[in-house]
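Take a look at the structure first, then read on.

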Amino acid sequence: MDAMTISLRRPDDWHLHLRDGEAMRSVLLHSARRFARAIVMPNLRPPVSTVAAALAYRRRIVAALPPGSNFKPLMTLYLTDNSSADEMARAAECGCIHAVKLYPAGATTNADSGVTDLRHCTAALEAMQSLGLPLLVHGEVTDPDIDVFDREAVFIERVLLPLLQRFPDLKVVLEHLTTRQGVEFVRSAGERVAGTITAHHLLLNRNALFAGGLRPHHYCLPVLKREIHREALLEAATSGSPKFFLGTDSAPHPRSAKESACGCAGLYTAHAAIELYAEAFEQAGALERLEGFASHFGPDFYGLQRNKERITLRRETWRVPESYPLGKESVVPMRAGEHIAWKLCD
Ligand code: DOR
Ligand code: ZN
């Protein structure tokens, strides 16, 4: 391996929004070229809250893959106030469903069917705990009295710590960490708790929302935070701790839905996901730690095999297109019209 290339075991994306229909068919290849597997988020309309719906969604994704692709979608269920213990048992049994996602009602895109109060989910959570089915958490309170930038930290205190006490063996992933408090929580919480970190939260702080004007394409949830938080995330991701692993939260929205008086949350990063992580790790002088974060710690946590294949990245600057197709519309990717320092070799 020379200085200009890095070779890694093929990575997986432990948090991905693929959408459905034409939009899904537009974005799928970006992920399938880079990753062997991805945990596919269930926040469709209507939400993917049953095993039958998850298996049907999985079939649509697999049918959209080009011949010869080995990409494996790992499905999730959307937790609601009505999720039953029986549905969790069927999910664990089917072999294709790997986790259940908690969206606090109203917290983000298509979260209106989310959980209004975790007390409604006791039976489902007990079942998940005994089945070893992880709970993936969108960790933000929705209380309008709480400052948007504090919602992750308050969620940890108000919701997550009591939840871990009530369910001492439940596996939990705090998704898309954005704060120092989130990092500290995951570090101190014992082996059954992990956290995913996005490329955009490693590379951007909240100034990116206002650089020379309002930047809707940098708006996501949880929202970008101060530089001290970005530094804490970069430190965690590059620390070599198996409690932190890769989850892009790549979330495509049509350009018109982002450039709007009430723009949608989500950055599209699937077009260059592993390349963007390589930039962040290089910035921290920790490229040798990228493989653990991207390719080892995720499957280890989920109890799956590490991938056998490898990928190669070359240090070569390329220009990102202004947009990519998204069904009949287009999506503006992270770094649109700008440069990325690493390139995937086929
Ligand atoms: O920015 C986000 N976009 N955060 C989420 O939690 C959901 C996602 C989406 O689905 O668009
Ligand atoms: Zn997400």
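What follows is a short briefing on the ligand, the cavities and the pockets.

This is a predicted model, where local features need pLDDT of at least 70 and side-chain atom pairs count only at pLDDT 80 or more, while totals for chains, interfaces and linings use all residues. Residues are numbered from 1 along each chain as its sequence is written, chains are lettered from A and ligands numbered from 1 in the order in which they are written, and side-chain values use heavy atoms, with hydrogens and water left out.

**Around ligand 1**
- Ligand 1 has 13 residues around it (a heavy atom within 4 Å), and Arg19, Asn43, Leu221, His253 and Ala265 come nearest.
- Sorted by class, that shell has four nonpolar, seven polar and two charged residues. Here Ala, Val, Leu, Ile, Met, Phe, Trp, Tyr, Cys and Pro count as nonpolar, Asp, Glu, Lys and Arg as charged, and the others, Gly among them, as polar.
- Which side chains have a polar atom by an oxygen atom of ligand 1? Asn43 has one at 2.8 Å, His253 has one at 2.8 Å, and Thr108 has one at 3.2 Å; a polar contact is a pair of N or O atoms within 3.5 Å.
- On its own, ligand 1 has 290 Å² of accessible area (Shrake-Rupley method, 1.4 Å probe), and the protein covers 100% of it.

**Cavities**
- On a 1 Å grid over the protein atoms alone, a cavity is a set of points where a 1.4 Å probe fits but cannot get out, and lining residues have an atom within 4 Å of a point.
- The whole structure holds three cavities of 30 Å³ or more.
- The largest cavity has about 130 Å³ of space, and His17, Thr108, Leu221, Asp249 and Ala251 are the closest to its centre among the 19 residues that line it.
- The space taken by ligand 1 is this largest cavity (more than half of the ligand's atoms lie within 2 Å of its grid points).
- The second largest cavity has about 60 Å³, and its lining includes His217, His253 and Tyr268.

**Pockets**
- A pocket is an open set of points with protein on both sides within 12 Å along at least five of seven lines.
- The largest pocket has a volume of about 360 Å³ and is lined by 18 residues.
- Helix H5 (residues 151-166) gives the most to that lining, with six residues; helices are DSSP runs (H or I) of at least four residues.

How values were computed:
Polar contact = N/O pair within 3.5 Å; in protein donor to acceptor, adjacent residues only side chain to side chain. Points joined across faces, edges and corners; volume = space filled by probe spheres on them. Helix = DSSP H or I, 4+ residues; strand = E, 2+ residues; numbered from the N terminus.
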